[in-house]
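Here's a quick briefing to read with the model open beside you. Take it a topic at a time and click through the residues as you go.

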Amino acid sequence: MGGQLSHELHVMNGSEQAARYHRQVILPQVGTTGQERLRHAKVLIVGLGGLGSPVGLYLAAAGVGTLGLADMDNVDLSNLHRQILHHTGAIGEKKTTSASRALETLNGDCRLVLHEEGIQPRNATGIFAQYDLIVDGSDNFPTRYLVNDAACLTGKPVVYGSIFQFEGQVSVFDPGAGGPCYRCLFPAIPEPGSVPNCAEAGVLGALCGIIGSWQASEALKLILGIGDPLLGKIKVIDTLTGRERLVALKKDPACPLCGDHPTITGIDAAAYQGACETAHPAAGLDPEISVGDAAAALSACPAPLLLDVREDIERAICALPNSLHIPIGQLPQQWKSLPSDQRILVYCHHGMRSLHSVNFLRDRGLLLAQSIAGGIDAWSCHIDPSLARY
């Protein structure tokens, strides 16, 4: 038996590959047949941050033949405590570029396909159709819903993961296999600011490794057709207490996407405001403005209203002078106090929360609102270096 297995290993694309994958090929549930399945598999990773980093590393290391890398962001210093695909020298680079370099170094046999625009309403179904499986490492609700909807509409299973402070969740959503989708749990996208994200609430970096590794494990099980995937179950891990629990999930017959009478039958860009799209034309103004143009506008007369949507603890570190402060979580209650006939420049730490806020304000008729791209961090880099960075 041992001699036959050794022969099979060396037949598999040469001795180098045999040595690389030996420890998993000798698993009875994998074998050379399973390794061939991995080699032919095509997996799309949405988001190359805290979750996408361990997912990418472990799938590439396992010999998955094609990995799609979808992310539109650049590497930032604040990413590095948890996003282990990237390093200090990659700061400012596209995450797709940084990630592909790391994964190619790890395993040059893995074919890497870069989707530098990220997943957006206009491209989601077309990109998803190219892959067997989607791993969702996104960090915001609009993208998470977009991934769920596009995957369901194209018949692709999703390995879901999310993190918050010290707690993470993992599941597999695949209505085509009889399981629920994400909308079976949460039918509608939360209002901007109603649920804090990791940029506002914080996250333990090691938690990303735990949840991302679970996502990689679930993806490998699905590709290999082994074990008991987390279909119809969600695993909840609390690193602060060391507790884990497994919660049963049921498909909702009234789900607007995968239920008996679905109302979501296609991707409508308007339903995913802030998902990745920057085009939200209103009053002839782009939704985003560069820090240079923002500085020029603020020095003109009359000057725009400057709105800070960060949290109190961030504002205590640094703030732009003469700015009004309304944390994003309070915006749904306080937006009516803002002028609809005055230009409003909104800023946060890196520009994501401010863009969500701008879309929220424009949807309510404040069409002159614009987000300062890159936030106060970019302002510190390009306009006022005396501002503290965090």
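Keep in mind that the model is predicted.

**Helix α5 and its surroundings**

- Helix α5 covers residues 95–106, so to speak a 12-residue stretch.
- From the first C-alpha to the last, α5 reaches 16 Å, which is close to the 16 Å expected at 1.5 Å a residue.
- Which residues of α5 are buried? They are K95, T96, S98, A99, S100 and L103.
- The cover over those buried α5 residues includes the helix α4 (52–62), along with β2 (66–70) and β3 (111–115).

**Where α4 meets α10**

- Two packed helices are described by the angle between their axes and the distance between the axes.
- For α4 and helix α10 (residues 205–224), the angle is about 40 degrees and the axes are 8 Å apart.
- The crossing of α4 and α10 is right-handed.
- On the α4 side, the contact is made by P54, V55, Y58, L59 and A62.
- On the α10 side, the contact uses C208, G209, G212, S213, Q215, A216, A219 and L220.
- Sorted by type, the residues in the contact of α4 with α10 come out as nine nonpolar, four polar and no charged.

**A206, also in α10**

- A206 sits in helix α10.
- Is A206 buried or exposed? A206 is exposed, since its relative accessible area is 53% and the cut-off for exposed is over 50%.
- A206 and F166 are 40 residues apart along the chain, and their C-alpha atoms are separated by 9.1 Å.

- Most residues other than glycine have a negative phi.
- Q165 isn't a glycine, yet its phi is positive, at about 55 degrees.
- You'll find Q165 in the loop between β5 (158–164) and β6 (167–173).
- With 33% relative accessibility, Q165 counts as partly exposed.
- N322 is another non-glycine with a positive phi, of about 60 degrees.
- Where is N322? N322 lies in the loop between α12 (312–317) and β11 (324–325).
- N322 is exposed, with a relative accessible area of 77%.

Notes: Residues are numbered from 1 along each chain as its sequence is written. This is a predicted model: local features need pLDDT of at least 70, side-chain atom pairs count only at pLDDT 80 or more; totals for chains, interfaces and linings use all residues. Side-chain values use heavy atoms; hydrogens and water are left out. Helices (H or I, at least four residues) and strands (E, at least two) are DSSP runs, numbered from the N terminus. The expected span of a helix is 1.5 Å times one less than its number of residues. Buried means under 20% relative accessible area, exposed over 50%, partly exposed in between (1.4 Å probe, protein chains only). Contact means heavy atoms within 4.5 Å. Axes are lines fitted to C-alpha atoms, for helices over the stretch in contact, and angles run from 0 to 180 degrees between N-to-C directions. A crossing is left-handed if the near helix is turned anticlockwise from the far one by less than a right angle, and right-handed if clockwise. Ala, Val, Leu, Ile, Met, Phe, Trp, Tyr, Cys and Pro count as nonpolar, Asp, Glu, Lys and Arg as charged, and the others, Gly among them, as polar.
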